[in-house]
Amino acid sequence: MNVIFLPEVQKYYGHLEQILYENGYFGFMESSKRYVKELVDDIKTNLPTKPHRPAPRYFDRYGQNMEYAVFKKSKRTQWYVFFRVYRENDEDFYQVRYIANNHTVAQYLG
């Protein structure tokens, strides 16, 4: 199984490092980078085995017929990973199309 990220998602990770540092979630930029790297590694490793659900229609702007999985990173923060699954040559590909946390999208997940 392969987990691949759209270029927009990869770009978001770079911005996320900066946002987390600038907003004081981490006192050092290196800590912010480590957090994002661990999040990405967790997604790459565990997305195929995580329970997932159909994404609400609100998220169709990022792709049709998506699913999402939840990655809990702390008591207060969960990351929602929106993706599509493709099968090619008897192999599954998980294409991550959007990512957000509960602070920004929980109200759309009913």
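1. Across which strands does helix α1 lie, and at about what angle does it run to β5? Helix α1 (residues 7-22) lies across β1, β4 and β5, and its direction is at about 40° to β5. Helix α2 also packs on the sheet, touching β1, β3, β4 and β5, and makes about 135° with the direction of β1. Contact here means heavy atoms within 4.5 Å. Axes are lines fitted to C-alpha atoms, for helices over the stretch in contact, with angles from 0 to 180 degrees between N-to-C directions.

2. The model is predicted: local features need pLDDT of at least 70 and side-chain atom pairs count only at pLDDT 80 or more, while totals for chains, interfaces and linings use all residues. Residues are numbered from 1 along each chain as its sequence is written, and side-chain values use heavy atoms, with hydrogens and water left out.

3. The sheet is open and has 5 strands in the order β1-β5-β4-β3-β2, with mixed pairing. β1 (2-5) and β2 stand at its edges with a single partner strand each, so one side of each has no neighbour in the sheet. On average, neighbouring strands are turned by 35° against each other, direction ignored. Helices (H or I, at least four residues) and strands (E, at least two) are DSSP runs numbered from the N terminus; two strands pair if DSSP finds at least two bridges between them.

4. Strand β2 (residues 52-54) is joined to β3 (residues 67-72) by 3 bridges, with histidine 52 partnered by alanine 69. β3 pairs with β4 (residues 78-88) over 6 bridges, among them that of tyrosine 68 with phenylalanine 82, and a hairpin of 5 residues joins these two strands. Between β4 and β5 (residues 91-101) there are 10 bridges, and tyrosine 86 has phenylalanine 93 as its partner.

5. The structure holds 4 salt bridges, each defined as a side-chain nitrogen of Lys or Arg within 4 Å of a carboxyl oxygen of Asp or Glu. In one of them, the closest N and O atoms of lysine 37 and aspartate 41 are 2.7 Å apart. These residues are 4 apart in helix α2 (residues 29-46), which means a separation of about one helical turn.
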